[in-house]
Amino acid sequence: MMLEWVHGRLLFWVPAPAWPVTSIVLQIIVLLIPLMLAVAYLTLAERKVIGYMQVRLGPNRVSLFGVPWLRGWGQPIADAFKLLFKEIIIPAGANRTLFLMAPVLAIGPALAAWAVIPFDPVRHIADINAGLLYVLALTSLGVYGIIIAGWASNSKYAFLGALRSAAQIVSYEIAMGFALVGVLIAAGSLNLRAIVLAQQGGVWHWFALPLLPLFLVYFISGVAETNRAPFDVAEGESEIVAGFHVEYSGMAFAVFFLAEYANMILVSALASVMFLGGWLSPFQGLPWLSPLFARVPDIFWLLAKISFFLLLFLWFRATFPRYRYDQIMRLGWKVFLPITLVWLVVVAVLVMLHVPPWFSGGA
């Protein structure tokens, strides 16, 4: 990028060979800024939603620019500044390098996976053929941040929390992966954009209906993958306090906190793309309703579906008690894994027999 003065104005231009890299960097920035804002305000939404469910007000003091009807909207910004100015204390016996690296390993995959998420037919950073494989590979790396955090802290509580969390994530990742393999078989493609296009034609063509068991397994496994209630055995006030990040403070703790909410949004986005038609309108194919919503941007439907799944995340936390460790392991290995294996065989047989309308191999 070069700067120069032209007729009293400061202009910049990018050399032609560097433009593709510059374009990608700009796209990443345009994606990450709204995503990080969504992560911050999801914390406010959680406190508000759970407050309403428990007949409380939730945050209602910190406003934006003193506007009365925005009371509470400044709370995430206030929390961010508070954590930003807190000291990061590193335990005496901790491995300093790994201790500081762990939060980055936790949030990095959750953000990098968005590179292949299609927001509409043309808006995406990378439209790669192996998009589903890319997402599975990146989401598998998140567990390393948790394990390293627990081990590098040199704390028995953190280490026990990391072991419990790692066992849970690995257990449910298998069922989660098999559930997505069912989508791969039904759509006949690893490309996320092609998977959405394979669901065209209306709600009855979305994979959530013919793949209902896999859809339920995927979303519940996604809740477990993010260590959210009722699967939050990685932390327990009466047992291991905050779990793997008990020794973290300041922005190092905040990054783990952001990683959890970023993973929630990612799981919701993947559930929308894989099973609910992504950016496709739910009124597609309906002669009376489809023209009424023809002017609604495609990205609106994707964001609406993501918001629905996020509401379920918050609802679960306010509703269900925490499961015991043995209950979580039994559900993952003895219930979800057999269900996904059996249903994969059913889906494969239907695809081989060309059973319409959903199992057409993407044709």
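Is Glu260 buried, partly exposed or exposed, and what is its relative accessible area? Glu260 is partly exposed, with a relative accessible area of 21%; here buried means under 20% relative accessible area, exposed means over 50%, and partly exposed lies in between (1.4 Å probe, protein chains only). The structure is a predicted model, in which local features need pLDDT of at least 70 and side-chain atom pairs count only at pLDDT 80 or more, while totals for chains, interfaces and linings use all residues. Residues are numbered from 1 along each chain as its sequence is written, and side-chain values use heavy atoms, with hydrogens and water left out.

Salt bridges were examined across the model. A salt bridge is a side-chain nitrogen of Lys or Arg within 4 Å of a carboxyl oxygen of Asp or Glu, and a search of the whole structure finds eight of them. In one of these, the side chains of Arg228 and Glu260 meet at 3.0 Å, N to O. This pair links distant parts of the chain, 32 residues apart, with Arg228 in the loop between α7 (212-225) and α8 (250-275) and Glu260 in helix α8. Helices (H or I, at least four residues) and strands (E, at least two) are DSSP runs, numbered from the N terminus. Arg228 is buried, with a relative accessible area of 2%, whereas Glu260 is partly exposed. Both residues also belong to a network of salt bridges that links Glu46, Arg228, Glu260 and Arg317.

A salt bridge is also formed by the side chains of Arg47 and Asp79, at 3.2 Å from N to O. Arg47 lies in helix α1 and Asp79 in helix α2, so the pair ties together parts that are 32 residues apart in sequence. Arg47 is partly exposed at 39% relative accessibility, and Asp79 is partly exposed with a relative accessible area of 21%.

A further salt bridge joins Arg322 to Asp232, with the closest N and O atoms 3.1 Å apart. Because Arg322 lies in the loop between α9 (298-319) and α10 (325-352) and Asp232 in the loop between α7 and α8, the pair ties together parts that are 90 residues apart in sequence. Arg322 is partly exposed, with a relative accessible area of 36%, while Asp232 counts as buried at 12% relative accessibility.

At 11% relative accessibility, Asn227 counts as buried. Pro230 is found in the loop between α7 and α8 as well, and the peptide bond from Ala229 to Pro230 is cis, with omega near 10°. A positive phi, near 55°, also occurs at Val55, a residue other than glycine. Val55 is placed in the loop between α1 and α2 and is exposed, with a relative accessible area of 78%.

Helix α1 (residues 19-53) contains Leu37. Together with Val21, Val25, Leu26, Ile29 and Ile33, Leu37 makes a nonpolar surface patch of about 540 Å². Patches are made of residues with over 30% relative accessible area and no salt bridge; like charges are joined within 9 Å, and nonpolar side chains (Val, Leu, Ile, Met, Phe, Trp, Tyr) within 5 Å. Accessible areas come from the Shrake-Rupley method with a 1.4 Å probe, and for residues only the protein chains shown count as cover. Leu31 is also found in helix α1, but Leu31 is buried, with a relative accessible area of 15%. The C-alpha atoms of Leu31 and Pro321 are separated by 35 Å, and these residues are 290 residues apart along the chain.

For Phe85 and Gly250, the separation is 165 residues in sequence and 7.1 Å in space, C-alpha to C-alpha. Phe85 is found in the loop between α2 (75-84) and α3 (96-112) and is exposed, with a relative accessible area of 67%.
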